[in-house]
Amino acid sequence: MPVKMQKQAMASASQALDIYDVSDCVSIAAHIKKEFDGLFGCGWQCVVGSNFGCFFTHSQGTFIYFAMETLNFLVFKAPSSSPS
């Protein structure tokens, strides 16, 4: 993920943590997803929690994983699928 997007992801996470309780991972993830959809186009996904596993495919240059306070954040954009 480009540095500009990385900084935005961390800023959005920090803002979400100021707004929502740290235990409200769904609202925190929704906040970040909405920010990214608005700034960088639709199709972003966000996972927030203290313990999770995942397996997915993402578009090149659209993935970040980081920790803040007691939570881990995973933000990525799913690849576009073309009709067969």
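Mentor: Start with Cys42, whose sulfur has its closest cysteine sulfur in Cys46, 15 Å away, and is therefore too far for a bond. Bear in mind that the model is predicted. Cys42 is also exposed, at a relative accessible area of 63%. Cys54 is in no disulfide either; for this residue the nearest cysteine sulfur is again that of Cys46, at 11 Å. Cys54 counts as partly exposed, because its relative accessible area is 47%. A disulfide is a covalent bond between the sulfur atoms of two cysteines. The cut-off applied here is a sulfur pair within 2.5 Å, and the count for the structure is zero disulfides.

Cys46 is the cysteine to follow into the fold. Its place is in strand β1, and it is buried, with a relative accessible area of 15%. Beyond its neighbours within four places in sequence, Cys46 is in contact with Ala29, Ile32 and Lys33, and also with Leu74 and Val75. Thr62 lies 16 residues away from Cys46 in sequence and 11 Å away in space, C-alpha to C-alpha.

Three strands make up an open sheet, ordered β1-β3-β2, with antiparallel pairing. β1 and β2 are the edge strands, each pairing on one side only. Ignoring direction, neighbouring strands are turned against each other by 15 degrees on average. The pairing of β1 with β3 is antiparallel and runs over six bridges. Within the sheet, Val47 stands opposite Leu74 in β3. Helix α1, residues 3-19, packs on the sheet and touches β1, β2 and β3; its direction makes about 40 degrees with that of β2. Helix α2 packs on the sheet too, touching β1 and β3, and its direction makes about 155 degrees with that of β1.

His31 sits in helix α2, residues 25-40. His31 is buried, since its relative accessible area is 13%. Apart from neighbours within four places in sequence, its contacts are Ser12, Gln15, Ala16, Ile19 and Tyr20.

Phe73 shows how the parts meet: leaving aside neighbours within four places in sequence, it is in contact with Ala13, Leu17, Ile28, Ile32, Val47, Val48, Ile64, Tyr65, Phe66 and Met68.

Finally, the aromatic rings. The structure holds seven aromatic pairs. One of them joins Phe36 and Trp44 edge-to-face, at 4.9 Å centre to centre and 65 degrees between the planes. Phe36 is buried, as its relative accessible area is 0%, and Trp44 counts as buried at 1% relative accessibility. A stacked pair is formed by Phe56 and Phe76, at 3.9 Å centre to centre with 20 degrees between the planes. This pair links distant parts of the chain, 20 residues apart: Phe56 lies in the loop between β1 (44-49) and β2 (63-68), and Phe76 lies in strand β3, residues 71-77. Phe56 is partly exposed, with a relative accessible area of 26%, whereas Phe76 counts as buried at 8% relative accessibility. Phe36 and Trp44 also belong, with Phe40, to one aromatic cluster.

To return to your request: the sulfur of Cys42 is too far from its closest partner for a bond, Cys54 is in no disulfide, and Cys46 is buried in strand β1.

Notes. Residues numbered from 1 in each chain as written. Predicted model: local features only at pLDDT ≥ 70, side-chain atom pairs only at ≥ 80, totals over all residues. Heavy atoms only, no water. Helix = DSSP H or I, 4+ residues; strand = E, 2+ residues; numbered from the N terminus. Buried < 20%, exposed > 50% of the residue type's maximum accessible area, 1.4 Å probe, protein only. Contact = heavy atoms within 4.5 Å. Phe/Tyr/Trp six-rings, centres within 6.5 Å; stacked < 30°, edge-to-face > 60°. Pairing = 2+ DSSP bridges. Axes fitted to C-alpha atoms, helices over the stretch in contact; angles between N-to-C directions.
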